[in-house]
Amino acid sequence: MSIVYSVLVLGALGAIFGALLAFAAKIFHVEVDPKQAAVRECLAGANCGGCGYPGCDGYAAAVAKGEAPCNKCVASGPEAAAKIAEIMGVAASDAEKMVAFVPCSGCKDVAEMRFNYTGPEDCRAAMLFGGKSNKLCTFACIGMGNCVKACKFDAMHIVKGVAQVDRSKCVGCGACADACPKDIVKLLPEKQKVVVACRSQDKGAQVMKMCKAGCIGCMKCQRECPNDAIHVENFLAKIDPEKCTQCGHCVGTCTRQIIRKLDA
Amino acid sequence: MTVTEYLSIAIGAILINNFIFSQFLGCCPFLGCSSKVETASGMGLAVVFVMGLASAICYVVNEFILVPLGLAFLKTLAFILVIAALVQFVEMFLKKAVPSLYSALGIYLPLITTNCAVLGVVLLNVQNGYDFLGSVIYGITGGLGFMLAIVLFASVRERIQFADYPECFEGFPICLISAGLVALAFMGFSGMKIF
């Protein structure tokens with residue numbers, strides 16, 4: 001008998017609560033701003049948090065209230081920003097498309113290792129064993145893939161122990177840059193194609209011992225650049241995106257082959 | 001029950017048998033929502049609110065439905081059902097009627113639907129044989145104890161950010177260690193007898 005009672009009582013309780021909630025949903029229905037729903041439709045929906053709001057819904061609500069600019073969603077691109085601007089009735093300011101970049105070329109073939117790390121697959125764990133890296137170069141990418149785990153768009157991969165960005169898939173949300181415990185991953189404007197794939201600020205002689213693909217600060221690129229766009233600071237070449245014309249002259253001059261012109 | 005008994009329930013729930021530090025209920029939001037005092041107090045407020053309401057309604061369900069039908073063994077199941085429905089209902093009601101409170105409680109209200117502290121308080125009410133008023137007092141003061149614990153701990157965590165501790169403790173480890181120390185401080189109340 002108690003089985004029947006149990007089923008009946010719990011079933012009845014469930015039905016009553018269900019009915020109450022259904023009624024309550026009708027009675028306490030709150031009109032959501034239709035603009036908010038329309039804006040939400042335009043977004044990528046990955047909830048990457050690149051805009052700085054809690055998820056796509058949070059951003060859509062902020063846009064609908066007029067608190068957020070229309071072009072904060074890098075993941076859904078400029079077309080979506082234009083659509084959102086149309087919904088909100090304002091002109092979209094152009095969101096420059098950003099793409100992640102890993103300024104390190106120290107893959108397993110060229111970089112000397114500090115120790116053979118066999119612990120958990122996590123950059124933060126590998127950083128704890130002194131020197132902030134498993135490679136001899138303290139500036140190098142550890143390659144345990146925290147950025148790969150953070151990427152929701154399958155655009156990050158570890159190739160030979162260094163993170164590589166798939167530029168065709170990267171939407172520039174910056175999740176990888178946040179996940180990188182060494183702040184290696186940077187967001188660059190997509191139009192900046194000529195890059196220095198090294199971040200070592202060690203002196204040239206030290207770099208020579210540690211990594212075959214490290215900037216030694218030889219200043220050749222600085223001298224050769226026709227636009228005065230490259231400067232060596234702290235033994236590391238830096239490209240000024242304002243002055244760089246993407247001519248790629250420096251790519252051929254680099255003695256260490258670490259200045260590259262990215263294709264896509 | 002007498003006034004002194006109610007008082008001893010209240011003080012017991014806040015300090016002596018604190019839900020987090022001596023009963024280890026609700027540890028998940030305690031660690032998850034304690035990075036800032038502001039969010040911690042939002043969470044605490046939501047817990048006080050839901051614990052009080054759940055105690056009242058679960059007492060009624062237990063006393064007038066389950067016990068007369070000899071189905072007291074179903075109380076865990078029934079209480080989960082009641083709490084889940086209640087939280088949903090309260091959320092809808094607040095959204096419509098008191099939007100300011102709704103936005104203050106924010107995301108924390110639906111989060112505590114499945115909180116063990118809320119389920120714990122209603123089960124303990126039955127176990128301890130409290131009457132209606134006793135249950136409600138135990139619910140509300142249990143929530144206040146939770147709020148006290150989480151706000152205290154959040155302010156500790158805010159200070160930890162500027163403290164100089166070994167690098168390998170960064171993040172959760174140092175947080176768990178300090179939680180243990182705060183719990184140890186609350187051990188000072190254990191075994192105290194009121195009235």
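A:C123 is buried, at a relative accessible area of 9%. Please keep in mind that what you see is a predicted model.

How many disulfides does the structure hold over all chains? The count is 0. For A:C123 we can say why. The closest cysteine sulfur to that of A:C123 belongs to A:C147, and the gap is 6.3 Å, which is too far for a bond. The cut-off for a disulfide is within 2.5 Å.

Next, the place where the two chains meet. How many residues does each chain bring to the contact? Chain A brings 17 residues, and chain B brings 20 residues. Between them the two chains bury about 1,600 Å², and 87% of this is on carbon and sulfur atoms. On the chain B side, three residues stand out: B:L81, B:M92 and B:K96 supply 29% of the area that chain B buries against chain A, more than any other three residues.

Which elements does that side come from? Two elements of chain B give two or more residues each to the side touching chain A: α3, residues 37-66, and α4, residues 75-97. The largest share is from α4(B), with 11 residues. Sorted by class, the chain B side has 16 nonpolar residues, 3 charged and 1 polar.

Now the polar side of the interface. Salt bridges between chain B and chain A number 0. As for polar contact across the interface, 1 residue pair is found, with both residues at pLDDT 80 or more.

Where is B:V50? B:V50 sits in helix α3 of chain B. Is B:V50 buried or exposed? B:V50 is buried, with a relative accessible area of 3%.

What does B:V50 touch, leaving out residues up to four places away in sequence? The list is B:L86, B:V87, B:L109, B:I112 and B:V118. Take B:V87 from that list. B:V87 is 37 residues from B:V50 along the chain, yet their C-alpha atoms are separated by 7.0 Å.

To recap: the structure has 0 disulfides, the contact between the chains has 0 salt bridges, and B:V50 is buried in chain B. That is the end of my part.

Definitions and conventions: Residues are numbered from 1 along each chain as its sequence is written. Chains are lettered from A and ligands numbered from 1 in the order in which they are written. This is a predicted model: local features need pLDDT of at least 70, side-chain atom pairs count only at pLDDT 80 or more; totals for chains, interfaces and linings use all residues. Side-chain values use heavy atoms; hydrogens and water are left out. Buried means under 20% relative accessible area, exposed over 50%, partly exposed in between (1.4 Å probe, protein chains only). Contact means heavy atoms within 4.5 Å. Buried area is the accessible area (1.4 Å probe) that two parts lose on being put together, summed over both. A salt bridge is a side-chain nitrogen of Lys or Arg within 4 Å of a carboxyl oxygen of Asp or Glu. A polar contact is a pair of N or O atoms within 3.5 Å; within protein, one must be able to donate a hydrogen and the other to accept it, and residues adjacent in sequence count only if both atoms are side-chain atoms. Helices (H or I, at least four residues) and strands (E, at least two) are DSSP runs, numbered from the N terminus. Ala, Val, Leu, Ile, Met, Phe, Trp, Tyr, Cys and Pro count as nonpolar, Asp, Glu, Lys and Arg as charged, and the others, Gly among them, as polar.
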